[in-house]
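Here is a friendly briefing to read with the model open beside you.

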Amino acid sequence: CTQLSDIVQEKVLDVETRVCSEGDHFSTRSTIGILLRGTMIDNCVLGGPAYNSGLLVHGDVILAIDGVQVTASNVTELLVGSDKPGTPVTLNIAKNGNKGAVKEVLLKRMATENIADRRRMFELFNALKDRAAVAKDAVVGAKVDDVIRLWTDMLIADGDHDAAIVENVTRMQARSLAALQELQGSLLKLSGQ
């Protein structure tokens, strides 16, 4: 009975329900998950602090970071800041580039590797958009934007699916534990203890 209990504990009840991904090595340890064109937000990486905040969108322009005025040449350095996951960063944003509608957004940097694969995909999409812009091919640029939207929708659906699996596994683990405890009680009664 103890051996069976140990096996169930190890193989069913102690199974972790997290999704792991190992991405490329990046030059920074932390990120807020945005891709820029100059100081304008081009995309927010799904799962990153910027995306999860729901406060930043394509077309927003970063005016200041932690009180320091932003330029295209210093924006990356200011975003990296102390480069420690969990540290705060305050952005002053012109919504859709409208400097009359300035909004302050407080985010916490996260570990880059947590969204490394997604960030890399966005970088590749942006490289395609850059090539389309250089070639003055608006059709390809629009197609890349369509692909990004479809890919993002797919990631959201995958996240919902993963959450449902985690919920099901957690429920199964709880039922297994209850059944195991009931079985142990029955075996103890049978053995007369």
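Predicted model: local features only at pLDDT ≥ 70, side-chain atom pairs only at ≥ 80, totals over all residues.

Phe125 and Trp151 are both buried.

**The aromatic pair**

- The model holds one aromatic pair. The ring centres of Phe125 and Trp151 lie 5.6 Å apart with the planes at 70 degrees, and because an angle over 60 degrees counts as edge-to-face, that is the label this pair receives.
- Phe125 belongs to helix α4 (residues 116-134) and Trp151 to helix α5, so the pair ties together parts that are 26 residues apart in sequence.

**Helix α5 and its ends**

- Helix α5 covers residues 138-191, which is 54 residues. At 1.5 Å a residue it should span 80 Å, and the C-alpha atoms at its ends are 78 Å apart, so the two values agree.
- Buried residues in α5 are Gly141, Val144, Ile148, Trp151, Thr152, Leu155, Gln173 and Leu180.
- Just past α5 comes Gly192, whose phi is positive at about 85 degrees.

- In soluble globular proteins, nonpolar side chains tend to be buried together.
- The largest nonpolar core here contains 17 residues, and Ile34, Leu56, Ile62, Ile65, Leu91 and Leu107 have the most contacts inside it.
- At least two residues of this core come from each of β3 (40-44), β4, α3 (75-80), β6 (88-94) and β7 (102-108).
- Apart from this core lies another, with 11 residues, including Met110, Ile115, Phe122 and Trp151.
- Leu56 touches Ile41, Cys44, Ala50, Leu91, Ile93, Lys95, Val105 and Leu107, leaving aside residues up to four places away in sequence.

**Leu55 in its loop**

- Leu55 sits in the loop between α2 (49-53) and β4 (61-65). Its relative accessibility is 32%, so Leu55 counts as partly exposed.
- Setting aside residues up to four places away in sequence, Leu55 is in contact with Ala50, Asp60, Lys95, Lys103 and Val105.
- Leu55 and Leu107 are separated by 52 residues in sequence, while their C-alpha atoms are 10.0 Å apart in space.

**Strand pairing**

- Strand β2 (residues 34-37) pairs with β3 in the antiparallel sense over four bridges, and Leu35 stands opposite Asn43 in β3.
- Two residues lie between the strands in the β2 and β3 hairpin, where Gly38 has a positive phi near 70 degrees.
- β4 and β6 run antiparallel and are joined by four bridges; Val61 has Ala94 in β6 as its bridge partner.
- β6 and β7 also run antiparallel, with seven bridges between them. Here Val89 has Leu107 in β7 as its bridge partner.
- Of the seven residues of β6, five are buried, so this strand is largely enclosed by the rest of the structure.

- Is Thr87 buried or exposed? Its relative accessible area is 19%, and because buried means under 20%, Thr87 counts as buried.
- Thr87 lies in the loop between α3 and β6. A polar atom of the Thr87 side chain is 2.7 Å from the backbone oxygen of Lys84.
- Not counting residues up to four places away in sequence, Thr87 touches Ser82, Leu107, Lys108 and Arg109.

- Most residues other than glycine have a negative phi, and most peptide bonds are trans.
- Which phi does Asp66 take? Asp66 has a positive phi of about 50 degrees, although it is not a glycine.
- Asp66 is found in the loop between β4 and β5 (68-69), and a relative accessible area of 42% makes Asp66 partly exposed.
- Lys136 also has a positive phi, near 55 degrees, and is a residue other than glycine.
- Lys136 lies in the loop between α4 and α5. With a relative accessible area of 76%, Lys136 is exposed.

Methods: Residues numbered from 1 in each chain as written. Heavy atoms only, no water. Expected span 1.5 Å × (residues − 1). Buried < 20%, exposed > 50% of the residue type's maximum accessible area, 1.4 Å probe, protein only. Contact = heavy atoms within 4.5 Å. Core = buried A, V, L, I, M, F, W, Y, C linked by side-chain atoms within 4.5 Å. Phe/Tyr/Trp six-rings, centres within 6.5 Å; stacked < 30°, edge-to-face > 60°. Polar contact = N/O pair within 3.5 Å; in protein donor to acceptor, adjacent residues only side chain to side chain. Pairing = 2+ DSSP bridges.
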